[in-house]
Amino acid sequence: MHDPSGVLTCYSVAPSLVSMISSQSSFHFTTSTALDPSLKWASGKRWLVPEFSELWSKHQHRRLVEPFCGAAAITLGMRPDKALLNDINPHLMNFHRWLQCGLTIDIPMEYDEAFYYRSRDRFNQLANNGGVSSKEAASLFYYLNHTCFNGLCRFNRNGRFNVPFGKYKGVSYQREFAEYQQAYANWTLSAGDFLETAVEPDDFIYADPPYDGSKSAFVGYAGIPFDWQDQVALARWLAQHPGPVVTSNAATERITALYRELGFTLTTREVARAINSKGDGRDAVSEMLAIRNL
Ligand SMILES: C[S@@+](CC[C@H](N)C(=O)[O-])C[C@H]1O[C@@H](n2cnc3c(N)ncnc32)[C@H](O)[C@@H]1O
């Protein structure tokens, strides 16, 4: 539903997702308990929440902006009053929008291979026939995320979700998401390329792009990779922001050189990562945190 000011409100029917999805709720909630993401997300940053809290603590009056929000581990961990969440993946942003609207999942969800593939077909039917913004698509997105192989989110060039069934001991599914509705009440959501994120000069930006050299950067969303040119464009875009900026990336030689040249302060750390398809092997990879104007 569109209100006269052009703001898209919850329970709207099929809004254009590659545009601003905003809410200005008349309610203001003061609770600020950290929440865990409701989705599994590759390179999710739940582990960074304690360290990020220290960087954020003196800036809580600001709006927190995540141009590559994924499952939004950092914003959910901080629970700011004001936030802007953006991602290029319209299905992911539709799920966030339904969390904001007050999601209750009422479709059947079963941990069963044949059921999974039927649900995947139904999701792809919706995704390719104008049903991207529906509650059913958001519910199926949650179900697929928790049932597919390693919680991956991968689409082919035709926009079809193509991750196979995941082998787990079992899956318990959540149906009620009321606590997220409270958290999201004053947050703005948008779906698009990071360069189109509507950033204000005072905003605190946390950017967590596909990592340099990673498989997700190579495959990208729906076959559109996040290549070296995108890494350079991102670093320059972040460097011209007058407010505080924190960004994560792989600590490759060219990434650390790029951010140093642009005047960022860098720290690096070794982070344990699953290294094989079963997720039972782990290795340490070097990660960078680059900071400016803090
Ligand atoms: C490393 S993940 C972010 C994980 C997130 N911090 C979390 O905790 O879940 C990177 C995200 O960037 C998104 N992305 C890729 N290319 C993008 C682009 N050009 N603009 C905006 N988002 C993009 C992907 O869809 C993915 O969700």
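Of the contacts in the protein between residues at least 6 apart in sequence, 68% join residues at least 24 apart; two residues are in contact if their C-beta atoms, placed from the backbone, lie within 7 Å. The structure is a predicted model, in which local features need pLDDT of at least 70, side-chain atom pairs count only at pLDDT 80 or more, and totals for chains, interfaces and linings use all residues. Residues are numbered from 1 along each chain as its sequence is written.

The secondary structure comprises 9 helices and 8 strands, where helices (H or I, at least four residues) and strands (E, at least two) are DSSP runs numbered from the N terminus. The protein has 294 residues, of which 36% count as buried. A residue is buried if 20 or more other C-beta atoms lie within 10 Å of its own, exposed if 12 or fewer, and partly exposed in between, with C-beta atoms placed from the backbone.

## The largest nonpolar core

The largest nonpolar core contains 69 residues, and Phe95, Phe141 and Ile205 have the most contacts inside it. Such a core is a set of buried Ala, Val, Leu, Ile, Met, Phe, Trp, Tyr and Cys residues joined through C-beta atoms within 7 Å. Helix H5 (residues 135-147) supplies the largest share of this core, 7 residues. At least three residues of the core come from each of domain 1 (20-89 + 187-292) and domain 2 (105-175); these bounds derive from an automatic or database domain assignment.

When neighbours within four places in sequence are left aside, Phe95 is in contact with Leu39, Ala138, Phe141 and Tyr142.

## Paired strands

Strands E2 (residues 64-66) and E3 pair in the parallel sense over 3 bridges, two strands being paired if DSSP finds at least two bridges between them. Within this pair, valine 65 stands opposite leucine 84 in E3. Strand E3 (residues 83-87) is largely enclosed by the rest of the structure, because 5 of its 5 residues are buried. Ala83, Leu85 and Asp87 point one way from E3, while Leu84 and Asn86 point the other way. E3 also pairs with E4 in the parallel sense, over 5 bridges, and the bridge partner of aspartate 87 in E4 is alanine 191. E4 is likewise mostly covered, with 5 of its 5 residues buried. From E4, Trp187, Leu189 and Ala191 point one way and Thr188 and Ser190 the other.

Strand E5 (residues 204-207) pairs with E6 in the parallel sense over 3 bridges, and alanine 207 stands opposite threonine 247 in E6. Strand E6 (residues 245-250) is mostly covered, with 6 of its 6 residues buried. One of the residues of E6 is valine 245, which counts as buried because 22 other C-beta atoms lie within 10 Å. Apart from neighbours within four places in sequence, valine 245 is in contact with Ile205, Leu238, Arg292 and Asn293. Valine 245 and leucine 294 are 49 residues apart in sequence, yet 7.3 Å apart in space, C-alpha to C-alpha.

## Surroundings of the ligand

There are 19 residues around the ligand, and Phe68, Gly70, Ala71, Ala73 and Asp208 come nearest; a residue is near a molecule if its C-beta atom, placed from the backbone, lies within 6 Å of it. The shell divides into 11 nonpolar, 4 polar and 4 charged residues. In this division, Ala, Val, Leu, Ile, Met, Phe, Trp, Tyr, Cys and Pro count as nonpolar, Asp, Glu, Lys and Arg as charged, and the others, Gly among them, as polar.

## Loop residues

Glutamate 110 lies in the loop between helix H3 (90-101) and helix H4 (113-127) and is partly exposed, with 14 other C-beta atoms within 10 Å. Glutamate 110 and threonine 147 are 37 residues apart in sequence and 8.7 Å apart in space, C-alpha to C-alpha. Glutamate 200 is placed in the loop between strand E4 (187-191) and E5; with 13 C-beta neighbours inside 10 Å, glutamate 200 is partly exposed.

Most residues other than glycine have a negative phi. Asparagine 150, in the loop between H5 and helix H6 (178-184), has a positive phi near 55 degrees. Alanine 222, in the loop between helix H7 (215-219) and helix H8 (228-239), has a positive phi near 50 degrees.
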